[in-house]
Amino acid sequence: MQFLRRLTLLLAAAATCFTTITAQQVAPFKDGERAVFLGNSITDGGYYHSYIWPYYMTRFPEMPITVVNAGIGGDTALEMTRRLDNDVFSHDPTVLMVTFGMNDSGYFEHNGENGRQFAREKYEESIRNFRQMEQRLKALPDTRIVMVGTSPFDEGTAIPANHINGKAATIERIVATQMQTATDNGWEQIDFCAPMTEINRARQTEDSTFTLCGSDRIHPDNDGHMVMAYLFLKAQGFTGSKVADVAINAGKPSVIREENCSVTDLRKNGNRITFNYLANALPYPTDTIARGWGMSRPQARALDIVPFTEEMNREMLTVTGLKGDYKLTIDGEEIGVWSAHSLAKGINLAEITLTPQYQQALTVMFLNERRCEIERQFREYAWIQNNFFEPKGLLNANNRHSIEVMDQYVDSDPWLKLRRDRYAQMMHEPVRKAMEDEMNMLIDRIYTVNKPVVRHFELRKI
């Protein structure tokens, strides 16, 4: 009964989530597009955009795109508007994702005697600031704008940190205005807030401390960011998109189905069936290690929360006409043993990390993670330039005077002190250029190693 109750709750949450996303549409990225994600610390230090890009890297290996992190921690819509020219537009976005609201909605003042008034004032202030940004965005005729409703502030979890009553509702008001503005301007839109809130509530009926929103109720952990990536890809219409789908009748033998792949040289020799397989895509790899500052849960944990594997990561092998148990090898590597019944139902190779094609995809993942690490250093540099130097009239000065000014404040500003050494390095243009070159080299390498190759399959009866 407990299992059935839990399953019912999760299915209800999934249905709500899917209904929300079905009503939203974000056009898939096209060949050569530059997708820039503008946001606050959830974007700056987070991974959802970095999880979206590997889907394109592995699913469309012949279609390079660029995904850019343009988040800065602590930003509101006002700060984002102020850095549009210096930071965001400098990346030449063809598609610009815009999210704000977590900082705009305020924090502990919600708990005070005038909490309702504070919530109203923060909402109104946020929208006034957003209207300034809206005017700038409307002046970009060659850039697609996507309004992104922020991930939620989780008031429902039982974790001890950051009890703030009313902040979640203020965020929901901000997101609703964002979505309406997108509709009014003919922009695309996706809301993370509503579906993530529904997942949180459903899971919390079984585990009161569950949250997608991290240990502070604000910053999603790796699994939360993967949920965000899933919701974004779902809004782009990738539900039902397979890595590949092969079906073979071993009795004849013959190929019944080959979707997004090709099968050649199919042979049956006694109890052995062999064939060559070339897919047009690689499976999507997920990291099993928690990455990033303050992160404690890995990306792969999200696969138990949302149906990403079932909906978007299926590399199916189906073989009928067999009896008994069969060992599968790919390129001479043993992958596993399945019964004829299981093979006739179909096995999802994308779930098997031992396959050569999954190992190839892991290479893509690790190269992208290294790229992401370097990009994060550029975001720290952007924080210093826009949050510290710009108000002092020293934006991009990068000279001896600028660091002398910085040193006057580092002892009283822990965030500045944390980034002082980073600036001392990156204020030098050759250092930044070397880091940019390394990122470009990593991207070039990714789009070299992500090309699927012919794999030799063998099924042998045991």
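**Notebook: burial, a helix pair, cysteines, backbone**

I began with Gln357, which counts as buried because its relative accessibility is 3% (buried means under 20% relative accessible area, exposed over 50%, partly exposed in between, with a 1.4 Å probe and protein chains only). Before going on, I noted that this is a predicted model, where local features need pLDDT of at least 70, side-chain atom pairs count only at pLDDT 80 or more, and totals for chains, interfaces and linings use all residues. I also noted that residues are numbered from 1 along each chain as its sequence is written, and that side-chain values use heavy atoms, with hydrogens and water left out.

Gln357 sits in helix H12 (helices are DSSP runs of H or I with at least four residues, strands are E runs of at least two, and both are numbered from the N terminus). Setting aside neighbours within four places in sequence, I found Gln357 in contact with residues including Tyr277, Glu315, Arg455 and Phe457; contact means heavy atoms within 4.5 Å.

**The helix pair**

Next I asked how H12 runs against H15. The axes of H12 (residues 356-389) and H15 (residues 429-449) come within 9 Å and cross at roughly 160°. Axes here are lines fitted to C-alpha atoms, for helices over the stretch in contact, and angles run from 0 to 180 degrees between N-to-C directions. H12 is therefore roughly antiparallel to H15 (over 145 degrees; under 35 is roughly parallel, 65 to 115 roughly perpendicular, the rest oblique).

Among the H12 residues that meet H15 I listed Leu367, Ile374 and Phe378, and the H15 side includes Met435, Leu442 and Ile446.

**Cysteines**

I counted zero disulfides, taking a disulfide as a pair of cysteine sulfur atoms within 2.5 Å. For Cys213, which is in no disulfide, the nearest cysteine sulfur is that of Cys193, 8.3 Å away. Cys213 is buried because its relative accessibility is 0%. Cys261 is buried too, with a relative accessible area of 10%.

Where is Pro253 found? I placed Pro253 in the loop between strand S6 (244-249) and strand S7 (254-259), and a cis peptide bond with omega of about -15° joins Lys252 and Pro253.

Asp265, not a glycine, has a positive phi of about 55°. Asp265 lies in strand S8 (residues 261-269) and is partly exposed, at 41% relative accessible area.

Asp331 also has a positive phi of about 55° without being a glycine. I found Asp331 in the loop between strand S11 (325-330) and strand S12 (333-339), partly exposed at 35%.
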